[in-house]
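Reader: I am new to this structure and would like to learn how to read it, one feature at a time. Could you show it to me and then take me through it?

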Amino acid sequence: MIKNAPFRFADFESIEFNYGATANMNNKFDSKTSKYQYVNKRDSLIQTSLKLRKDDLLYLHRKATEYGFWNFPDEMISTGVVDTAKNNVRFFLKFNYKEKSKQMLFDTDFKGDPKLYDAAKTMVAEVQRVLNDAEDRH
């Protein structure tokens, strides 16, 4: 008998990914609409369309399973006063499926479990890498 995963790729619909300074997360991607906006090196807001391949989405789904994303807490954020001089970054990642979704809010200055921190940081890096690769193909 085959065990059903908590989130199956067959039910996958989209990924939402936002990041930026804690106060304003101007960098946004939504695979459902293909809308992608980001702040470039000159501090200009760029709005474009970015389509991910099915293979890209499957890769991210598998990485989420590998890193235990389904078991991450919904929030891994700073508690207390945020030091704006440190340039801390906040990430929001959400996988949407037909009947449910899983999301996380993650700060780069999260002081919780180091293994959880590393897994969340690696998951975010994988999403960023896939977006960068897709942009290079574009």
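Predicted model: local features only at pLDDT ≥ 70, side-chain atom pairs only at ≥ 80, totals over all residues.

Reader: Which residues of helix 2 are buried?

Author: In helix 2 the buried residues are L116, Y117, A119, A120, M123, V124, E126, V127, V130, L131 and A134. The helix itself has 24 residues and reaches 34 Å from its first C-alpha to its last, which is close to the 34 Å expected at 1.5 Å a residue. At its N-terminal end helix 2 is capped by D113, a side-chain oxygen of which lies 3.0 Å from the backbone nitrogen of K115.

Reader: How many salt bridges does a search of the whole structure find?

Author: The general idea is that side chains of opposite charge can pair when their charged atoms come close. Here a search of the whole structure finds seven salt bridges. One of them joins the side chains of D107 and R90, with 2.6 Å from N to O. Since D107 lies in strand 7 (residues 101-107) and R90 in strand 6, this pair ties together parts that are 17 residues apart in sequence. D107 is buried, with a relative accessible area of 1%, and R90 is also buried, with a relative accessible area of 15%.

Reader: Where do E66 and K63 lie?

Author: Both E66 and K63 lie in helix 1 (residues 54-67), three residues apart, which is about one turn of the helix. Their side chains meet in a salt bridge of 3.1 Å, N to O. E66 is exposed, at a relative accessible area of 53%, whereas K63 counts as buried at 14% relative accessibility.

Reader: Which residues are linked with R129 in a network of salt bridges?

Author: The network of salt bridges links E126, R129 and D133. R129 counts as partly exposed at 35% relative accessibility, while E126 counts as buried at 13%.

Reader: Turning to the strands, what is their order in the open sheet?

Author: In general, strands of a sheet pair through backbone hydrogen bonds, either parallel or antiparallel. This structure has an open sheet of seven strands in the order 4-3-2-1-6-7-5, with mixed pairing. Its edge strands are strand 4 (45-49) and strand 5 (75-76), each of which pairs on one side only. Strand 3 (residues 35-39) pairs with strand 4 in the antiparallel sense, over five bridges, and Y38 stands opposite I46 in strand 4.

Reader: How many aromatic pairs does the structure hold, and how should I read the angle between two rings?

Author: The structure holds 16 aromatic pairs. The angle is read through cut-offs, with planes under 30 degrees apart counting as stacked, over 60 as edge-to-face and the rest as tilted. The rings of F7 and Y97 have their centres 5.1 Å apart and their planes at 55°, so this pair is tilted. F7 is in the segment before strand 1 (12-21) and Y97 is in strand 6, 90 residues apart, and the pair thus links distant parts of the chain. Both F7 and Y97 are buried. The rings of F17 and F91, by contrast, have centres 6.2 Å apart and planes at 15°, so that pair is stacked. F17 in strand 1 and F91 in strand 6 are 74 residues apart, and their pair also links distant parts of the chain; both residues are buried.

Reader: Which residues do ring pairs link into a cluster?

Author: The cluster linked by ring pairs consists of F7, F9, F12, F69, W70, F72, F95 and Y97.

Terms used:
Residues numbered from 1 in each chain as written. Heavy atoms only, no water. Salt bridge = Lys/Arg side-chain N within 4 Å of Asp/Glu carboxyl O. Helix = DSSP H or I, 4+ residues; strand = E, 2+ residues; numbered from the N terminus. Buried < 20%, exposed > 50% of the residue type's maximum accessible area, 1.4 Å probe, protein only. Expected span 1.5 Å × (residues − 1). Polar contact = N/O pair within 3.5 Å; in protein donor to acceptor, adjacent residues only side chain to side chain. Pairing = 2+ DSSP bridges. Phe/Tyr/Trp six-rings, centres within 6.5 Å; stacked < 30°, edge-to-face > 60°.
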